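Please open the structure in a viewer and keep the sequence beside it.

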Amino acid sequence: MVWLHLAVVLAAIILGARLGGIAIGFAGGIGVVGLSLLGAKPTTAGMPLDVISIIMAVICAIAAMQVAGGMDYLVDLVDKVLRRNPQHLMFLAPVMTYLMTLMAGTGHTAFSAMPVITEVAKENNIRPARPLSIAVVSSQIAITASPISAAVVFLSSTLENKGVDYLQILAVCIPSTFLACLITAALMLLWDKRNPRSALEFDPEYQRRRDAGLLDTTSHAGRELKAGAKRSVLIFLAGLVTVMLYATAISDKVKLIDPKTAPMPRDAAIISIMLTVATIIVLSCKVQPAEVLNASTFKSGMSASICVLGVAWLGTTFVKAHEKDIMTLAGDLLKDHAWLLAVILFFAASLLYSQAATAKAIMPTAIALGVSNVAVVASFAAVSALFVLPTYPTLLAAVEMDDTGSTRIGKAVFNHPFLVPGVLAIGFSVALGFLFGGLIIH
């Protein structure tokens, strides 16, 4: 029966991937229906409502900031940094998207930086595919290092009883993922330098589009910002710092506030603080609430929430139905070869399309199997393998925004420019995670 159930899960995910976008979540619901008809017992306890609640609250704050002009302000900062240092575009592009995701807790902030990255690359005869690919990958991996991402919060809550707290997870994940992205960027740059025809001018598709006059010459520099743009960013940053300080204060390691008597648990604090941030931005920056509903970050964030709901519920239903079989088959293997957890997370994430959903579906079982704390935290970066299938929103956006045609998906589906940097970045993140984890987690 397990293979029949697995076939249903894969069929639902493939259907969702073919339809794309929010339909991935819809298809997850079809899969749950199929599993239930075949004997699996889905329950509302398996629905990732805590993860979705955090995503929605953070997205509300980000969307309010976007309407207030905050995203334009951040993009202008990115634009200034990249234009002043175009020779370092391969490093600065992923650094910018990494930091934006680290701050916001969602990789969808990368959408706003992509036009600038493409523009600067074209101006300096660099194939946009290179900086765009590593920038997209960095925006995905940074989720596993963001203090307010649903994935990090879930992992932290899962490991608390195992003696690993929120601060230790961040102390391992932030340096390991950041350094991994830089190492990957360096290797991609070295590869291009060894190839004398790597410059944009040698790309045949670029040449065709240039000769046909199909290139976009619009500049994204020098836009007029709204009056509350900078203020909205500062308010959001203040909310982020508040979340981190509160989570630190109630952690088992610090205990400035006894977790048992704290005003509210960490998840509730993140949700309430982010909603408060959205309220303050609306009030102080004179944002019309109705405009928040039409913000691109709000739409993409709510779409992501539905995808997590459907796919994570589907994955959890399957895992719960066969938990004993999975533990019997994988238990000894993972105990002896803990690094295989990263491989499992990698392939699961490529199907589940969400870092938080993948962590929620796999991590509790891995911990129950006795995988060490160090291995769990080190392997965590592998939940960011959303680039394997070229259907994730930020990946598709990069393809669409590169009007030179250098960022393109091949006929074999998997031959796209995001796969190699993605695999490298996750590989380095996991390796560095084991290194830092061994020093920090005891």
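## A tour of salt bridges and loops

Begin by selecting D403, which counts as buried because its relative accessibility is 12%, below the 20% cut-off. The model is a predicted one.

The side chains of K122 and D403 meet in a salt bridge, at 3.0 Å from N to O. This pair joins distant parts of the chain: K122 belongs to helix α6, D403 lies in the loop between α19 (393-401) and α20 (419-440), and 281 residues separate them. K122 counts as partly exposed, at 22% relative accessibility.

Proceed to R127 and D203. Their side chains form a salt bridge, again given from N to O, at 3.0 Å. Here too the pair links distant parts of the chain, 76 residues apart: R127 is in the loop between α6 and α7, and D203 is in the loop between α9 (166-194) and α10 (204-211). Is D203 buried or exposed? D203 counts as buried, with a relative accessibility of 0%, whereas R127 counts as partly exposed at 21%.

Now select E205 and R209 in helix α10. A salt bridge of 2.8 Å, N to O, connects their side chains. The two residues are four apart in the helix, so about one helical turn separates E205 from R209. R209 is partly exposed, with a relative accessible area of 23%.

For a group of residues, select D79, R83, E119 and E123. These four are linked in a network of salt bridges. How many salt bridges does a search of the whole structure find? The search finds twelve. In general, side chains of opposite charge can pair when their charged atoms come close.

The remaining stops concern the backbone. Most residues other than glycine have a negative phi. Select N125, in the loop between α6 (110-123) and α7 (129-141). The phi of N125 is near 60°, a positive value in a residue other than glycine. N125 is partly exposed, with a relative accessible area of 30%.

Finally, select K286, in the loop between α12 (266-284) and α13 (289-292). K286 is a residue other than glycine with a positive phi, near 55°. Is K286 buried or exposed? K286 is exposed, because its relative accessible area is 75%, over the 50% cut-off.

How values were computed. Residues numbered from 1 in each chain as written. Predicted model: local features only at pLDDT ≥ 70, side-chain atom pairs only at ≥ 80, totals over all residues. Heavy atoms only, no water. Buried < 20%, exposed > 50% of the residue type's maximum accessible area, 1.4 Å probe, protein only.
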